[in-house]
Amino acid sequence: IVMPMLADDSPRDPALIPAVCEALVALECTWAWEPLLAELGNSMRAKNPDPAQLEAIATALGHMDVERVVPTVLAWINQADSPAASEILGRAALATLTDVDFDASHDATWWLNWWSINAAAYPNRADTENGLPRVK
């Protein structure tokens with residue numbers, strides 16, 4: 001049921017994604033990291049990302065496969081045009097996944113520095129200059 005909902009590009013009720021994310025976490029659906037990363041990309045590409053949806057997606061990603069999720073979330077923080085989006089991703093996803101206490105000073109530069117120190121722990125990193133997946 002969840003996969004078709006996430007794959008459907010038709011207009012959605014704004015409450016759908018937060019409800020799906022909450023259900024995925026409650027049911028411990030750690031296999032859902034890939035569709036959630038795709039949904040994160042859709043949200044980040046939106047002209048004005050919905051903070052509630054971004055919060056729900058980031059929170060759910062915080063319960064998924066660390067090795068697969070961290071590099072892509074970091075890549076989105078690096079690409080984000082929005083300090084608010086970076087804050088949500090850092091607080092709701094990365095703080096949980098990396099066991100780094102959230103701090104408002106943890107912006108893209110801070111997380112890229114963290115990545116340069118910790119990237120070796122993530123075998124699924126990308127073959128790019130900074131080791132993060134290409135997003136946009």
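## The largest pocket

The largest pocket has a lining of 14 residues, and those nearest its centre are Arg12, Glu39, Asn42, Ser43 and Gln53. A pocket here is an open set of points on a 1 Å grid over the protein atoms alone, with protein on both sides within 12 Å along at least five of seven lines; a cavity, by contrast, is a set of points where a 1.4 Å probe fits but cannot get out, and lining residues have an atom within 4 Å of a point. The structure is a predicted model, in which local features need pLDDT of at least 70 and side-chain atom pairs count only at pLDDT 80 or more, while totals for chains, interfaces and linings use all residues. Residues are numbered from 1 along each chain as its sequence is written, and side-chain values use heavy atoms, with hydrogens and water left out.

The space in the largest pocket amounts to about 230 Å³, a volume being the space filled by probe spheres set on the grid points, which are joined across faces, edges and corners. Helix α3 (residues 33-45) gives the largest share of the lining, three residues. Helices (H or I, at least four residues) and strands (E, at least two) are DSSP runs numbered from the N terminus. Sorted by class, the lining has five charged, five polar and four nonpolar residues. In this scheme Ala, Val, Leu, Ile, Met, Phe, Trp, Tyr, Cys and Pro are nonpolar, Asp, Glu, Lys and Arg are charged, and the others, Gly among them, are polar.

## The second largest pocket

The second largest pocket holds about 180 Å³ of space. Twelve residues line this pocket, and Met44, Ala46, Gln79, Ala80 and Asp81 are the closest to its centre. Helices α3 and α5 (66-79) each contribute at least two residues to the lining. This lining comprises six nonpolar, four charged and two polar residues.

## Glu39 in helix α3

Glu39, one of the residues nearest the centre of the largest pocket, is placed in helix α3. Glu39 is buried, with a relative accessible area of 5%; buried means under 20% relative accessible area, exposed over 50%, and partly exposed in between (1.4 Å probe, protein chains only). Apart from neighbours within four places in sequence, Glu39 is in contact with Leu6, Arg12, Ile17 and Ile57, where contact means heavy atoms within 4.5 Å.

## The nonpolar core

In soluble globular proteins, nonpolar side chains tend to be buried together. In this model, the largest nonpolar core has 42 residues, and Leu40, Leu61, Val73 and Leu89 have the most contacts inside it. Such a core is a set of buried Ala, Val, Leu, Ile, Met, Phe, Trp, Tyr and Cys residues joined through side-chain atoms within 4.5 Å.

Beyond its neighbours within four places in sequence, Leu40 is in contact with Leu54, Ile57, Leu61, Val73, Trp76 and Leu89. Leu37 lies in helix α3 and counts as buried at 11% relative accessibility. Residues up to four places away in sequence aside, Leu37 touches Leu61, Arg68, Val69, Thr72 and Val73. Leu37 and Asp127 are 90 residues apart in sequence, and their C-alpha atoms are 19 Å apart in space.

## Cysteines

The structure holds zero disulfides, a disulfide being a pair of cysteine sulfur atoms within 2.5 Å. The closest cysteine sulfur to that of Cys21 is in Cys29, at 11 Å, and is therefore too far for a bond. Cys21 is buried, with a relative accessible area of 2%, and Cys29 is also buried, with a value of 11%.

## Loop residues

Glu28 is found in the loop between α2 and α3. Although Glu28 is not a glycine, its phi is positive, at about 55 degrees, and at 66% relative accessibility the residue counts as exposed.

The loop between α6 and α7 contains Asp99, which is not a glycine but has a positive phi of about 60 degrees. Asp99 is exposed, with a relative accessible area of 69%. His106 also lies in the loop between α6 and α7, but His106 counts as buried, at 10% relative accessibility. Not counting residues up to four places away in sequence, His106 touches Val100, Asp101 and Trp111.
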